Amino acid sequence: MTALTAETVASLTGGDLPLAVPQYDRSRLRAGIVHLGVGGFHRAHQAMYLDRLMNAGEALDWAICGVGVLPHDARMRDALTSQDGLYTLVLKHPDGTLEGRVIGSILEFLLAPDDPEAVLERMASPEIRIVSLTVTEGGYNVNPVTGEFDADDPAVRADLEPGAVPATTFGLVTEALRRRRDRGVPPFTVQSCDNIQGNGDVAHRMFTAFARLKDPELAAWIEEHVPFPNSMVDRITPVTTDDDRAMVAERFGVDDAWPVVAEPFTQWVVEDRFADGRPPYEKVGAQLVDDVEPYELMKLRLLNASHQALCYLGYLAGYRYAHEVCADETFVRFLRDYMAREGAPTLLPVPGVDLEEYQATLIERFANPHVRDTLARLCAESSDRIPKWLVPVIRANLASGGEVHRSAAVVAAWARYDEAVDEQGEPIAIVDRLADRLKAAAARNREDALVFVRDEELFGDLATEPRFVEAYTAALDSLHTLGARATVEHLVAG
């Protein structure tokens with residue numbers, strides 16, 4: 001077994017499976033992108049697209065400088081730094097085939113808590129032309145009720161103090177833009193790659209809101225000069241496990257501290273609006289478009305909302321992986337019915353996409369037994385997901401007279417899941433920024449059926465909508481009295 005470093009990468013032939021390695025001279029790479037939030041998804045997606053370009057002899061001046069903003073990002077810093085930025089990406093095909101590639105597009109990694117000045121100067125340097133982000137759905141500091149920037153967040157308040165050393169994403173990006181403006185350096189593009197609708201628009205509103213509080217003149221300059229293109233990103237990327245590390249070692253002969261595993265499918269739709277150039281992403285499969293919205297609504301309301309439709313009900317029924325749920329024909333029928341009869345009717349036409357074929361492909365992707373996507377991962381951070389992915393579907397169908405009982409049942413399953421004990425009496429670990437609040441509400445589900453959905457920050461006024469209330473309370477009662485499987489069977493039969 002060989003350690004993964006710049007010196008050893010060309011000789012990685014110790015495993016029983018072939019492993020593709022960078023075909024470009026990494027000593028010629030120059031960073032053109034700073035990426036905040038280097039996790040599994042970024043490394044399976046955006047960094048992979050750049051690696052493809054580099055293997056084609058393109059974009060050698062668009063390498064990535066990764067930045068960790070939080071103290072726990074030191075783990076990723078240590079893993080990547082010890083491997084000269086290299087890591088293994090393994091695609092797990094439905095037939096069990098493993099496809100491995102060493103990705104070389106990450107050139108360096110900086111940890112902001114250790115040296116914020118180094119991060120600021122890197123972003124302020126003229127060769128950096130894009131600052132991209134994967135900071136999770138909750139990382140944009142959006143007030144769920146008002147949609148405005150939450151200026152009361154303690155870390156934000158600290159960054160707004162005069163002379164404060166920036167510690168948040170907002171503080172770092174804003175200060176780097178200030179330095180560029182003051183030095184006469186063109187601004188970079190801020191490119192959100194997070195899984196939220198209108199991610200560029202959201203980033204635009206939040207970053208300019210922070211800047212307005214910090215320096216109104218700078219905010220006006222950002223409004224005029226800094227683009228925030230929207231994008232839609234898609235690739236199922238489970239959390240890396242010790243089993244994945246062992247698989248990479250055994251099958252590919254590589255000792256990799258933090259490999260990434262993912263499904264073969266990938267999609268990236270990007271609004272073509274950049275301040276100072278961009279890599280030619282379209283040459284390696286990305287779609288550059290004028291309007292991302294139809295694609296992102298398709299993904300959010302079909303793929304992402306369907307993940308929520310399977311995860312709580314599946315977990316309560318005793319499953320622990322997405323592919324297990326999708327081996328159960330009753331649950332598959334429920335997912336297909338949700339997509340066809342509640343999700344898809346709320347969508348705009350999607351240029352170049354057959355929506356029926358897309359829905360069938362989603363089921364095939366969820367059913368891939370080798371990806372082993374855990375339901376616990378899909379159930380996590382629901383307060384950042386359900387309000388953005390599923391509640392808009394419910395509202396659209398309430399307005400149009402469409403069906404809502406499946407969507408309402410998913411919300412009821414979330415409420416039942418957050419009671420924090422499964423149908424066998426085993427505890428459920430609730431992973432959510434609002435976990436304490438959600439569990440406190442869910443604990444009262446049986447005495448007050450609407451307590452969970454009266455949380456206006458998450459659901460607005462849904463608790464006053466008669467059609468939703470009827471469907472929600474019926475599903476919650478069924479979950480309590482009959483259980484998840486019988487509830488799904490009833491929904492499919494109805």
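Visitor: Which residue is the bridge partner of Leu36 in strand 8?
Guide: The partner is Leu133. Bear in mind that this is a predicted model.

Visitor: How do strand 3 and strand 8 pair, and over how many bridges?
Guide: Strand 3, residues 31-36, pairs with strand 8 in the parallel sense, over 4 bridges.

Visitor: And strand 9, how does that pair with strand 8?
Guide: Strand 9 covers residues 189-192 and also pairs in the parallel sense with strand 8, over 4 bridges.

Visitor: Which way do the residues of strand 8 point?
Guide: Ile130 and Ser132 point one way, while Val131 and Leu133 point the other way. All of them are buried.

Visitor: What is the phi of Thr136?
Guide: Thr136 has a positive phi of about 75°, and it is not a glycine.

Visitor: Why point that out?
Guide: Because most residues other than glycine have a negative phi.

Visitor: Is Thr136 buried, exposed or partly exposed?
Guide: Thr136 has a relative accessible area of 47%, so it counts as partly exposed.

Visitor: What about Ala420, what is its phi?
Guide: The phi of Ala420 is near 70°, again a positive value in a residue other than glycine. Ala420 sits in the loop between helix 17 (405-417) and helix 18 (435-442).

Visitor: Buried or exposed, that Ala420?
Guide: Ala420 counts as buried, because its relative accessibility is 18% and the cut-off for buried is under 20%.

Visitor: Change of topic. What is the strand order in the open sheet of 3 strands?
Guide: The order is 10-13-14, and the pairing is mixed.

Visitor: Which strands stand at the edges, and why do they count as edges?
Guide: Strand 10 (231-234) and strand 14 (287-289) do. Each has a single partner strand, so one side of each has no neighbour in the sheet.

Visitor: How much are neighbouring strands of this sheet turned against each other?
Guide: By 15° on average, ignoring direction.

Visitor: What makes the pairing mixed?
Guide: Strand 10 and strand 13 run antiparallel and are joined by 4 bridges. Strand 13 (residues 267-271) and strand 14, on the other hand, pair in the parallel sense over 3 bridges.

Visitor: How many residues of strand 13 are buried?
Guide: 5 of the 5, so strand 13 is largely enclosed by the rest of the structure. Gln267, Val269 and Glu271 point one way, and Trp268 and Val270 point the other way.

Visitor: Now helices. How far apart are the end C-alpha atoms of helix 10?
Guide: They are 33 Å apart. Helix 10 has 24 residues, 293-316, and at 1.5 Å a residue it should span 34 Å, so the two values agree.

Visitor: Where is the kink in helix 10?
Guide: The kink is centred on Leu300 and is about 25°.

Visitor: How many residues of helix 10 are buried?
Guide: 23 of the 24, so helix 10 is largely enclosed by the rest of the structure. Gly318 follows helix 10 and has a positive phi, near 110°.

Visitor: How many disulfides does a search of the whole structure find?
Guide: The search finds 0. Cys311, for example, is in no disulfide, and its nearest cysteine sulfur, that of Cys379, is 3.5 Å away.

Visitor: Last one, the whole chain. How many helices and strands?
Guide: There are 21 helices and 14 strands. The radius of gyration is 23 Å, close to the 23 Å that the globule rule gives for 494 residues, so the chain is as compact as a globular protein of that length. Of those 494 residues, 58% count as buried.

Key:
Residues are numbered from 1 along each chain as its sequence is written. This is a predicted model: local features need pLDDT of at least 70, side-chain atom pairs count only at pLDDT 80 or more; totals for chains, interfaces and linings use all residues. Side-chain values use heavy atoms; hydrogens and water are left out. Two strands pair if DSSP finds at least two bridges between them. Helices (H or I, at least four residues) and strands (E, at least two) are DSSP runs, numbered from the N terminus. Axes are lines fitted to C-alpha atoms, for helices over the stretch in contact, and angles run from 0 to 180 degrees between N-to-C directions. The expected span of a helix is 1.5 Å times one less than its number of residues. The bend at a residue is the angle between axes fitted to the seven residues ending there and the seven starting there. Buried means under 20% relative accessible area, exposed over 50%, partly exposed in between (1.4 Å probe, protein chains only). A disulfide is a pair of cysteine sulfur atoms within 2.5 Å. The radius of gyration is taken over C-alpha atoms; the globule rule is 2.2 Å times the number of residues to the power 0.38.
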